[in-house]
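Please examine the sequence and the structure before reading each solution.

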Amino acid sequence: MGFRNRRYSDVSGRKFIVALGGIFVALVVSYPFLPIVNDSSSELWVVLGILVGIPGLVLLYGGYRLPQTDIRSELYPTVGKWCLRGIVVGFAIMLPIVLASDDPNIVGNTLLLTALGSLAGFGAGMYDAQAKTRQLELQETIDQLETSNERLERHQQYTDDILDAIDDVFYVVDENGSLERWNQSLLEVSGYTAEEISSMTAADFFRSDDRDAAMDAVRKGFESGSVDVELKLRTKDGDTVPFEFVGSTLKNTSGDPVLAGIGRDVSDRVEREQRLEESNERLEQFAYAASHDLQEPLRMVSSYLRLIEDRADEELTEETEEFLEFAVDGADRMRDMIDGLLAYSRIETQGEELEPVDLNEVIRDVRDDLEMRITESDADVNIEELPRVVGDKHQLHQLFQNLLSNAIEYSGNEPPQVQISATQTDSMWEISVQDEGIGIEPDEQGRIFEVFQRLHSRNDHEGSGIGLAVCERIVERHGGEIWVESEPGEGATFSFTLPAEDEYDR
């Protein structure tokens, strides 16, 4: 209803202006013929035509053109009211003229003064309406800004509530490490107040020995676009809590790059890993001790069996000799298994410090050690240029020796064909040892890296069944992975990853 009334008022305001202009034009045209006119001279008619007709035409045109102006339609009545005020002023001026003159031309002077007054009112009304239009637009802009600010504040509060509901620490830091935003979890974990955190940098949350690492992580995050680092966060009380921080770069509202992410308390995981590491260490110590202690009685059994065989050679029956051979062979196999178990248990405890290693030197030494076997089997070992990696040189020697020995052992009836190559993937080198031997069944590829797992009988192929398990343990100690790709009768490709030399200083 209010809209209809306003719309009617807008239209009526404009119609009033047009009608007023039309009245003035009609009166000036019909002036000589009006019965109440006492002076119808042509000179006066011309004067009135100019001074009354022109304002009438202006009102007609101006009223018609109002929609094309920047004046809002609801302010059209304002212009009409100013025209009325001009007419009132014209009548006010006419009153003393009538009183002071003996023969005033009432009709002509009234037309003249009201026409000029309405024209002046039209101009003032246009100015007033334009000013009020600007005022309304300004007020609407202010209202829109206030509404936008309210929405922004609600959205800000909503975002803060979501972030505060997260148990993990949320953070946003700039390139200098200064915190731009955080959630309630950071206050709860660190013990600092919001005012204290606002003046802190990322480095202030860590002890002096971890601060450089923290700032390096921030720097690398901006350089690479992401970061993943584990550090011990220092609380206000001086305690430390292991945290894993991950983040990605993005731009803030000012267009500046920032690093945003979360930090997660990994105390439980670290504790589990420590317990697992301690358990593994105890198991390794047990395996080493058990294997070491078993060697001496096995050596005695094997020695006495050989003494019996040597001293009673003429007195033994053929069947007894066969039994003795089985016993000696079993003891020898048991000794090989114990040696393998010892080597397996020493990988973590007896390994050397990881450092840059030239794999070309390693594979050259392996070839020298296997030279007789390579020659006897007429093997063709083709080795591409290999990279420098970070590793334990002696363990890498054992890794290549085991894989190359297997490639020769399982070559089938044809002379072994072995290809060793390397390709780089990000920060790791992928090394492949490919043969053209008997291959591996798909359903057996998953268990060949388990301890004492054999795919063939000892009569067909020698070995303790622990070589590939040792290979896997060595690769895992270097932070890599090992796997096999094979089809029966088409050979096998053993691939593993090692860290590139560039990672040594990181």
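**Exercise 1.** Determine how the axes of helix α10 (residues 359–369) and helix α12 (residues 393–409) are placed relative to each other.

*Solution.* The axes of α10 and α12 come within 9 Å and cross at roughly 55°. Axes are lines fitted to C-alpha atoms, for helices over the stretch in contact, with angles running from 0 to 180 degrees between N-to-C directions. Helices (H or I, at least four residues) and strands (E, at least two) are DSSP runs, numbered from the N terminus. The pair α10 and α12 is therefore oblique, a term for angles that are not under 35 degrees (roughly parallel), over 145 (roughly antiparallel) or 65 to 115 (roughly perpendicular). The crossing of α10 and α12 is right-handed; right-handed applies if the near helix is turned clockwise from the far one by less than a right angle, left-handed if anticlockwise. Ala, Val, Leu, Ile, Met, Phe, Trp, Tyr, Cys and Pro count as nonpolar, Asp, Glu, Lys and Arg as charged, and the others, Gly among them, as polar.

The model is predicted: local features need pLDDT of at least 70, side-chain atom pairs count only at pLDDT 80 or more, and totals for chains, interfaces and linings use all residues. Residues are numbered from 1 along each chain as its sequence is written, and side-chain values use heavy atoms, leaving out hydrogens and water.

**Exercise 2.** Describe the crossing of α12 and helix α13 (residues 467–477).

*Solution.* The two axes come within 9 Å, at roughly 145°. The crossing of α12 and α13 is left-handed. The contact includes Leu 399 and Leu 403 of α12, and Cys 471 and Ile 474 of α13. Its classes are 7 nonpolar, 5 polar and 1 charged residues.

**Exercise 3.** Is Cys 471 buried or exposed, and how many disulfides are counted?

*Solution.* Cys 471 is buried because its relative accessibility is 0%; buried means under 20% relative accessible area, exposed over 50%, partly exposed in between (1.4 Å probe, protein chains only). Cys 83 is likewise buried, at 0%. A disulfide is a pair of cysteine sulfur atoms within 2.5 Å, and the count by this rule is 0 disulfides.

**Exercise 4.** Locate Ser 486.

*Solution.* Ser 486 lies in strand β11 (residues 482–486). With a relative accessible area of 10%, Ser 486 is buried. The C-alpha atoms of Ser 486 and Gly 437 are separated by 9.8 Å, although these residues are 49 residues apart along the chain.

Notes. Contact means heavy atoms within 4.5 Å.
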